[in-house]
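User: I would like to go through this model by question and answer, starting with the terms.
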Amino acid sequence: MTARDDAEIDVLELLELWWRHEQRYQHVCGYPSTCASTRDWRASRQWDDFNGALDAEVEVKLAQRVGFLVSQIEHPWRTALHILARNRVTGSDVWQSPRLPEDRQARIQITSDAVDMLRKLL
């Protein structure tokens with residue numbers, strides 16, 4: 001693998017993380033940190049590193065940042081990123097958009113350019 005391949009894997013993994021967060025495909029880690037019956041009382045976070053709550057919090061913040069960066073990209077590249085993320089998360093290559101060209105090579109080029117744009121923003 002080259003350095004470019006490593007960077008692309010990172011961008012694609014970040015896209016998947018963002019799409020899961022955006023579509024609420026994430027699993028829940030930890031316990032709620034506030035109690036509804038006692039208003040401002042907060043639970044201790046001393047065990048959050050053991051139950052995965054800190055990792056989940058970092059993933060949420062990262063997904064929100066990626067979502068913000070994707071929203072800064074213009075059409076048709078933003079649409080290509082949405083479709084790419086959805087296809088990767090669902091494990092199939094069936095999702096397409098009527099906003100993208102029907103020509104397969106043109107779609108591939110737009111998607112590649114979109115990934116490069118996102119990589120530069122990261």
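Analyst: The expected span of a helix is 1.5 Å times one less than its number of residues. Helices (H or I, at least four residues) and strands (E, at least two) are DSSP runs, numbered from the N terminus. The model is predicted: local features need pLDDT of at least 70, side-chain atom pairs count only at pLDDT 80 or more, and totals for chains, interfaces and linings use all residues. Residues are numbered from 1 along each chain as its sequence is written, and side-chain values use heavy atoms, with hydrogens and water left out.

User: How many helices are in the chain?
Analyst: From the N terminus on, the elements run α-α-α-α-α. The chain has zero strands, and its helices number five.

User: What distance does helix 3 reach from its first C-alpha to its last?
Analyst: Helix 3 covers residues 53-72, which is 20 residues. At 1.5 Å a residue the expectation is 28 Å, and the model comes close to it, at 29 Å.

User: Which residues of helix 3 are buried?
Analyst: Buried means under 20% relative accessible area, exposed over 50%, and partly exposed in between (1.4 Å probe, protein chains only). In the chain, buried residues make up 30% of the 122 residues. In helix 3 they are Ala53, Ala56, Ala63, Val66, Gly67, Leu69 and Val70.

User: Why are Glu16 and Arg20 separated by about one helical turn?
Analyst: Glu16 is buried at 14% relative accessible area, while Arg20 is partly exposed at 31%. The separation is about one turn because both lie in helix 1 (residues 3-22), and they are four residues apart.

User: Which residue forms a salt bridge with Asp116?
Analyst: A search of the whole structure finds three salt bridges. The closest N and O atoms are 2.7 Å apart, and the partner is Arg119.

Terms used
Salt bridge = Lys/Arg side-chain N within 4 Å of Asp/Glu carboxyl O.
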